[in-house]
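These are my notebook entries on some annotated positions that I looked up, one group after the other.

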Amino acid sequence: MRLRLPTLLQRCWHTIASPSRYLPLGFLTLGGFVAGVMFWGGFNTVLEATNTEKFCVGCHEMRSNVYEELKQTIHFTNRSGVRATCPDCHVPHQWTDKIARKMQASKEVWGKIFGTIDTRDKFLDKRRELAEHEWSRLKANNSLECRNCHSAESMDITKQGARAARIHQQFLFTGQRTCIDCHKGIAHQLPDMNGVPPGWSETAAR
C-alpha cells in the first residue's frame, strides 16, 4: 500500500528522532555525513593551499635558487602576460595524479627538514639528481604538465622557425619524443649535462 508523503516523512523523522534503538543509527548516519563533509572540505583546502607558488617558494632553497631562475624565463615574463607557476609544471592537474605527486613530494620536504638540501651549495650538489628525477617523471607521463598548456594538435608550426617546425614534425607529432626530451632547462638552469643524451640531433633529424 502506497504511503502518502507526509506519512512517510513522519515515519522517517520518528525513526531518526526516536530515543529507542533507532536513535544511535540516526545520529551515526548524520554524524558520519557531517564528519565526512568536514574532512573532505578540510583535506581539499589543505591540498590547494600546498598547491600554490607562494607555498612552494616558501622553502629557502626554492626561493633563492629555482624560483629566481624561473623569473628569467619566458614562462615567467612574456608578451602575452600568461605565466606558469610552480604547480603548473610540477603538479598534475588531475586529482589522482595530483595526490600521487604530493605523496612523492613529501620525500622532498623530508630532505629539507633534515638538512639534506638546506644551503645553496647542497642544492647545487643535488641539482643533477633533482633534475633527473623531474626529467624521468615527465618522460613517464608523456610531459603531461607541459601538455596542459601546450597542445600538439593546436600547434601552428607555420609560425615557428624552420628548425623547430621540422623537429616538431619529425619527433613530437610522431610520438618519438616527448616535450621534456628536448626542452630540459626550459624554466631552470641546467645542471652538468655530461653524459645526458640530447633529445634530438641534426644528424638524427635528417
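Predicted model: local features only at pLDDT ≥ 70, side-chain atom pairs only at ≥ 80, totals over all residues.

Entry on cysteine 89. I placed cysteine 89 in helix α5, which covers residues 86-90. I then looked up its accessibility, and because the relative value is 30%, I wrote down cysteine 89 as partly exposed, a class that lies between the cut-offs of 20% and 50%. Leaving out residues up to four places away in sequence, I noted that cysteine 89 touches Ala84, Arg137, Leu138 and Glu145.

Entry on a further annotation.

I found cysteine 179 in helix α10, which is made up of residues 179-182. Is cysteine 179 buried or exposed? I recorded it as buried, because its relative accessibility is 15% and the cut-off for buried is under 20%. When I set aside its neighbours within four places in sequence, cysteine 179 was in contact with Ser143, Cys146, Arg147 and Leu172.

Histidine 183, by contrast, I located in a loop, namely the one between α10 and α11 (202-205). Its relative accessible area is 36%, so I noted histidine 183 as partly exposed.

Methods. Residues numbered from 1 in each chain as written. Heavy atoms only, no water. Helix = DSSP H or I, 4+ residues; strand = E, 2+ residues; numbered from the N terminus. Buried < 20%, exposed > 50% of the residue type's maximum accessible area, 1.4 Å probe, protein only. Contact = heavy atoms within 4.5 Å.
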